[in-house]
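I opened my notebook for a new protein.

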Amino acid sequence: MAGTACCEDKKTVSSAVAYGGGYFFLPSRPRRSPDCVRLFFIRDSGAGSKEDTDMKHLFHGTAALLLCLTLSGAAWGADTPKKGLLLVAFGTSMETGAPAYEGIEGAFRLKDQPVVWAFTSNIIRAKMARQGVRLLTVPEGLARLAEQGVTDVIVQSLHIMGGEEYAKMERLVLTEVLTHPDRFASVKVGRPLVESMRDAREVAEAVLHSLPAARAAGDAVLLMAHGQGEGRCDMVFAGMQGVVNETDPLAFMASVEGYQGIDQVLPQLQARGVRRVWLLPFMVVAGDHAHNDLAGDEPDSWASRLKAQGMEVFPVLKGLGENPGVQSVFVRHALETEDDYAHPVIKTSAAD
Ligand code: CO
């Protein structure tokens, strides 16, 4: 996802984006909570200590409740145990990503416990820094949790699949615990969205069962994943694609980069006589790829390519992070973390 082919860097951000308490809140957009944004973006002027106390926390089901109960339990071996959460996303330079990030944070609803955001994309962080918005790196996010007295950390990846960006996050976490071995009592890492068949099925159902009611029988659905030109996620993509198509025979998935692009899907749509296609990003946020490469007016966007074949297109520009079913998979992954990166236990005996 960090390759040069990625389109995240091709657009410039208007200066109006750097606004007030943070760049997600534009004058045209209703404010949900004036304090939310500071959880995503820490400005150079420093954040207040009450930044995570005034948020509106919505109740999103038992998974979130369980997480709260779990995180409020006693920590291992610490004098004053305190749990905290580091949410790690790729990042976006577009304010259209806000509902997804807010939705995910709402699903975790960790009242009275620090939640810090970090972003793995160097390009996005550099781009936002030029706008005066400083996004934290993973090491900076961990340092911020330590400053707030956190002893037990859950690092939850908000990446879709365990590709380059997830691997980078994991390396950064490992490097940090090796550099600061006594900083945390425990550091556990939650896996990205799609790792298992259970994940794939839950995500496919969450997405395909929440399509607009206007989708008619015979309308196809095309999901745009990111993918990567070369790398470790091809098989995860293939598995997810299979589950999508199994869940809904007229639902397809292709990627911006990688082996299954729009050119591979077009013939399948034509073979089925599809005339109308619903277009959705299979990405956490509806950012640059969704607005431009998927639904944009440029002749090479997927919408334009389909229209050129005489198909009618209906873009639904919502990130996966806005979907409660997807949010609950991330929450479940945070609950399922077992391996402690700070104090790894490696069993070498069969008797263990
Ligand atoms: Co990209």
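My entries follow, from the whole chain down to single residues.

**Ground rules.** I am working with a predicted model, where local features need pLDDT of at least 70, side-chain atom pairs count only at pLDDT 80 or more, and totals for chains, interfaces and linings use all residues. Residues are numbered from 1 along each chain as its sequence is written, and side-chain values use heavy atoms, with hydrogens and water left out.

**Whole protein.** I looked up the secondary structure and found 12 helices and eight strands. Both are DSSP runs, numbered from the N terminus: helices are H or I with at least four residues, strands are E with at least two. Next I checked burial. Of the 352 residues, 54% are buried. Buried means under 20% relative accessible area, exposed over 50%, and partly exposed in between (1.4 Å probe, protein chains only). Then I turned to contacts, meaning heavy atoms within 4.5 Å. Among contacts with a separation of 6 or more, 77% join residues 24 or more positions apart.

**Ser121.** Where does Ser121 lie? I found Ser121 in the loop between strand S2 (115–119) and helix H4 (122–129). Is Ser121 buried or exposed? Its relative accessibility is 3%, so Ser121 counts as buried. I then looked at what surrounds Ser121. Leaving out residues up to four places away in sequence, Ser121 touches Phe90 and Glu165. The Ser121 side chain also reaches the backbone nitrogen of Ile124, at 3.0 Å.

**H5 and H6.** I moved on to helix H5 (residues 138–147) and helix H6 (residues 164–179), which pack at an angle of about 45° with their axes 9 Å apart. That angle makes H5 oblique to H6. Oblique is what remains once angles under 35 degrees (roughly parallel), over 145 (roughly antiparallel) and 65 to 115 (roughly perpendicular) are taken out. The axes are lines fitted to C-alpha atoms, for helices over the stretch in contact, and angles run from 0 to 180 degrees between N-to-C directions. Which residues meet here? From H5 I noted Val138, Pro139 and Leu142; from H6, Met169, Leu172, Val173 and Glu176.

**Pro139.** Apart from neighbours within four places in sequence, Pro139 is in contact with Leu172 and Glu176. I checked Glu176 further. Pro139 and Glu176 are 37 residues apart in sequence, and 6.4 Å apart in space from C-alpha to C-alpha.

Key:
Polar contact = N/O pair within 3.5 Å; in protein donor to acceptor, adjacent residues only side chain to side chain.
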